[in-house]
Amino acid sequence: MNLPPIMSGNLHKVLTVSELNRNTKQFLEQSIPLLWVQGEISNLKRYQSGHWYFSLKDADAQVRCVLFGHKNQYIDWQPKDGMQVEVLAIVTLYEPRGDFQLNVETMRRAGLGELFEAFEKLKSKLEQAGLFSPTNKKPLPAFPQQIGIITSPDTAALRDVLSTLQRRMPALPIVIYPTLVQGKTAAGSIADAIKIACRRAECDVLILCRGGGSIEDLWAFNEEIVTLAIAASSIPIVSGIGHETDFTIADFVADMRAPTPTAAAELASRDRKELSHRLSMLHQRMYRITLHRIEYAMQQVDILTHRLIYPGDRIKQQTIHLEHLQDRLSNTWRHQIEKKQWRLLEYSQRLAAVSPNIVRLAEQQKEWTSHFHSVYSRYFETLSVRLQHMQIQLSHLNPQSILERGYSITYSMQGTIIRDSKQMNPGDRIQVKFAHGMCEADVIKTKNS
C-alpha cells in the first residue's frame, strides 16, 4: 500500500490542517474496506436536498453518518430515532471539519440479515427437495363451485378479495378459514387452516392472502411448517401475499402466485361479465349455425320435392314415351323396307336394260384379241429397229472401237488422261494404252502445235 505523506515517517515536513485531513481521509478509505456497522439511530435529520444525517451509537460510543439522497431513495421504510439498524458504509473523514464519519451505502433494520439468511437457506432446502418444481403444481379449476379464503378476518386483504369475488362472480359460495397472519403463532395457525380446509374438502380452490408489510410482518409465510402444508394440500392454492414486489417462500410452493390479494381472487374465479359475453357469443354462433343448417335442409327439401314425381304420373309418362318410341320404330322400319324395295326395283330395271349379249361379246373378244396381237407385233418390230440403231451408234462411241482404228490413250503415271502436251515435261514417264495392250515411255521433248 502506498501510504499518504502523513504515514511516510518524514518528521521534518510540516503539514497544514487541510493536508492532514486529506491524508487522513485517504488513509482511512484505503485501509478500511466497505463494512456493515450496527447501532441505534440518534439525532436523525432530513434536509431539503434529500440527504439524511444522523449518529449511530451503542452503549459506549457513537459515530456520525450521512446517507445521500440518491441512495436513500431505495429504502422503502422510514428510519426513526431509537431504531436499531445495520448500515453498509465506507469509513471516511469530512475534511472541512475533521469529523470522522461513515458514508452509508444502504441501511436495513437490525436482524434483517439473519432473516434474509434464514429465507435463502429454507428456500434452497425446499428447492432441492423439489417443492418448487412445476410438475408438482396442481392446475386451477376452470369453474370452481366453491372458493376458500385463508386469512385473518379483520384484514383489508380479505375485504379486497371479497369485493373482487362479489364483482366477478356474485353467486359463487365462499368459505373463510380464519387464521393469524402475523406473529409468532401465525405460521402454525396458517398450517392448521390449510389442513382443516383439505380435511373438509368443501372447496375447489384456496386463496392464501395477506396485505403488504415488512419482511418481519410477512415472515409467517416463510416458515417451513406453512410451506410443507401448502405442498401437502390436496386442493390447489393461490397465494396473494403482500404487494407485487413482496416474495415469500409460500409463493414459490403455491400452485399459482398472484402479485396481490385482488389478483389472487381474479385468478381463482371467472369473470361473470366475460363468461356472459362468451356465452352470448356462443349462443349467437350456435343460432347462426343452426339457422344455416335449417335453411340448407329446407332448400334440400324443396329440391327433392321438385324432383319427386307421383308414381302413377311417372308410369303414365313412361307409357306415353314407350308408345312414342314404338311409333318411331314402326315408321322407321316401314320406311327402311320401302326404301329397300325401291332400290331393288331400280336395280332390276337397270339389270334388264344392260343385260349382256354373250355371242356378241365373244365376237368382240376375238376381234380385240386379233387387234391386240397385230398392234403388239408392230410395236416390237419398231423397238427392234430402234435397238439396232442405238447399238450401231453405241459401237461408234465405244473407246475400244476407236482404239481398233489405230488410236491410243496416254496417261500420266498418276492415271490422269493427258490431252495436252503442256501436261508433260521432258523426262516424265507416261503410259500409252492401245487397242490390245499398253506400254510405258519417257518424254524426251514436247511440242505445242
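The model is a predicted one, with local features needing pLDDT of at least 70 and side-chain atom pairs counting only at pLDDT 80 or more, while totals for chains, interfaces and linings use all residues. Residues are numbered from 1 along each chain as its sequence is written, and side-chain values use heavy atoms, with hydrogens and water left out.

Tyr 177 also belongs to the largest nonpolar core, which holds 36 residues; together with Ile 194, Leu 206, Leu 208 and Ile 230, Tyr 177 touches the most other members. Such a core is a set of buried Ala, Val, Leu, Ile, Met, Phe, Trp, Tyr and Cys residues joined through side-chain atoms within 4.5 Å, where buried means under 20% relative accessible area with a 1.4 Å probe, protein chains only. Elements giving two or more residues to this core include α3 (112-128), β7 (174-178) and α5 (186-200). The largest share, 8 residues, comes from α5. Another core of 17 residues lies apart from it, with Ile 41, Val 85, Val 104 and Met 107 among them.

As for the whole chain, there are 12 helices and 13 strands, read as DSSP runs (helices H or I, at least four residues; strands E, at least two) and numbered from the N terminus. The C-alpha trace spans about 170 × 115 × 45 Å along its principal axes. Buried residues account for 28% of the 449 in the chain.

How values were computed:
Buried < 20%, exposed > 50% of the residue type's maximum accessible area, 1.4 Å probe, protein only.
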